[in-house]
There are 2 protein chains.
Amino acid sequence: MPETTRRAERPSGSRYGNRPTMKDVAARAGVGLKTVSRVVNGEPGVTPDTERRVQEAIDALGFRRNDSARVLRKGRTASIGLILEDLADPFYGPLSRAVEEVARAHGALLINGSSAEDPEREQELALALCARRVDGLVVIPAGDDHRYLEPEIRAGVATVFVDRPAGKIDADVVLSDNHGGARDGVAHLIAHGHRRIGFIGDMPRIHTAAERLRGYRAAMEDAGIPVEERWMSLGVTSPERVRRAAREMLTGPDPVTAIFTGNNRVTVTVIRVLAGHSRRVALVGFDDIELADLLQPGLTVVAQDSAALGRTAAERLFRQLDGTPVAPERIELPTKLITRGSGELPPDD
Amino acid sequence: MPETTRRAERPSGSRYGNRPTMKDVAARAGVGLKTVSRVVNGEPGVTPDTERRVQEAIDALGFRRNDSARVLRKGRTASIGLILEDLADPFYGPLSRAVEEVARAHGALLINGSSAEDPEREQELALALCARRVDGLVVIPAGDDHRYLEPEIRAGVATVFVDRPAGKIDADVVLSDNHGGARDGVAHLIAHGHRRIGFIGDMPRIHTAAERLRGYRAAMEDAGIPVEERWMSLGVTSPERVRRAAREMLTGPDPVTAIFTGNNRVTVTVIRVLAGHSRRVALVGFDDIELADLLQPGLTVVAQDSAALGRTAAERLFRQLDGTPVAPERIELPTKLITRGSGELPPDD
DNA sequence: CCCGAGTCTGACAACGTTGTCCAGGCTCTA
DNA sequence: TAGAGCCTGGACAACGTTGTCAGACTCGGG
């Protein structure tokens, strides 16, 4: 009873009940294995009559091609991986969605994972995806050393970094113009008469945070305003820390009359602080926020197009995959200043 | 020259350059194939010295286990699929994140796709994921007929529906208490003196929309208020339609003095309409919104815990996978009325 | 009526991994 | 020192699919 023996050798943890395979379909339809394969893949060279018989067998058995086996044989998985910081962050929703759209247009599935800003977790995830043999990887880096990806890239895994550049390797990267955007935003405040302007941002080891701080400094320098140390606060974006930082620069002698916030999480917290504050303080935030127009006053922001970031990165990825090899490139997308009121408040003193 | 011949038979489209395999590692380390397998999987029965040699070969070659082959052999992929409507919708971010967290805790990866509310696309996605042999599927249904999943479920693919029940099949489902939540929200308006209350919601074929409408009707009936047809508007949640619907019920003789909105997209649009409206109109919305507390007046909402929905569904999924088979169940999570001002405005007439 | 060209079909190997099973060398005890 | 038992290592088959190649069959023309 060889059939029984064969089944018994199946590893016991299998979930695939006894899923029908092409062999089963072939047996039922009374044709050869390859003929079933041809039908399933729409290859030519099958008479309509045979095709119909095979199709009936497929339907009757509920057969579904096993892509693991297919991948093993063909070498391509038609799936790409996306590693981001936190799917629950509204900034990443549209980005992720845009990557998915492009992947879909290329017939690929998207596998994603959150690094939670932990470099180790990023690496773990990236390598797990490589073990899955994804065709490519879109990474929003948490760490600053990506040499661990070198063997993968050499082996043909297309790789594009988004939002922040890769560390210690040469790879495609798609960024917003963080420096220019921050400079514009701060310049906007200066143009409305502010001189004592605060900056609250993320940890300086994060590339975007550092760039935005640079932009802040540049704008101040352009205007000939010496920056005071206590106007700048960098660190984790937890509400507690941000709240404390904002309160500190809003009190004491010579308090700031305006604040530039380094990302959406910071902005939200600062808005709450300002809502409970007696003096009116101007505010410009990096990243747009839903309902920003409905706040009182409307929130002026430096908006980056997160969907465009995702789309550009994904397209770049598939260009690596489809076409001839191209040299790594750095693409910078412009930001846009959207004025809604909060940045146009005059200084109060 | 058998080696050359073997390589030449590789399908030409392969991306895997010449990725090293266990065979290559074994050759380099001077051990057998299975010994490499044992080292890679941390199985016992390898002397420290041999293990070190194998590990060196692995590092030198940049070997990474091919999970496709592994899956083929073992039958389990350690990955689950999530199908939702639109990743860019803030409601789904936390949900997706919660599912991912649970998956991670079980050592599984998450593959996700957006159905864009298109039943056909949902099916296409679900079947593609099944072809990938995901171990399980979390689905936020767009369609109302899921019989196409029957063969998959029979074959052992764990399946849980979220937010809306499955159509025409018996399966696990995790829902919010849409009916009760809407009823509470509307009752809240009634308690503040409103009698002419509008309802703007999504297309009635969507389960959640229908349930919330039922809740609205129930609250009105409980209060003995006859509902007028022109107070209710169901349809696509595009800003244009919602804006028109809101304007219609706000004008004419006997306009509504309060509006209950059926989801976050509708709520946002209605807030914009009300902001440009002369009369003060009370508002309660289904789904919480970031910054709702900072609007003027603060937005009163019926909040559902989307992260809890995702977590509960994913946990249920892994219970199906880990343990003994369980009968399909319907789990309903409570909603929470959060009062912030907009729902407490008195009627204006 | 036969042969060649063309069409359709199926046997077989290979993709890279893991489970089974056995061989050989070692240690420990009597 | 011999025998029993343990530990390590390796040969082999199988997972389900696809590419190759050759065989069988059909049809039309000579």
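Predicted model: local features only at pLDDT ≥ 70, side-chain atom pairs only at ≥ 80, totals over all residues.
## Domain layout

Chain A is assigned three domains. Domain 1 covers residues 2-65. Domain 2 is built from two segments, 77-176 and 306-333. Domain 3 takes residues 178-305.

## The interface

On the domain 2 side, 16 residues make contact. They meet eleven residues of domain 3 of chain A. Together the two domains of chain A bury about 1100 Å². Carbon and sulfur atoms account for 38% of that area.

## Salt bridges and polar contacts

Three salt bridges are found across the interface between domain 2 and domain 3 of chain A. A salt bridge also joins the side chains of A:E117 and A:R265, with an N to O distance of 4.0 Å.

## The domain 2 side

Two elements of chain A each give two or more residues to the side of domain 2 that touches domain 3: strand 5 (172-176) and helix 13 (306-322). Helix 13 of chain A gives the most, with four residues.

What classes of residue make up this side of domain 2 of chain A? Eight are nonpolar, six are charged and two are polar.

Definitions and conventions
Residues numbered from 1 in each chain as written. Chains lettered and ligands numbered in written order. Heavy atoms only, no water. Domains from an automatic or database assignment. Contact = heavy atoms within 4.5 Å. Buried area = accessible area lost by both parts, 1.4 Å probe. Nonpolar A, V, L, I, M, F, W, Y, C, P; charged D, E, K, R; others polar.
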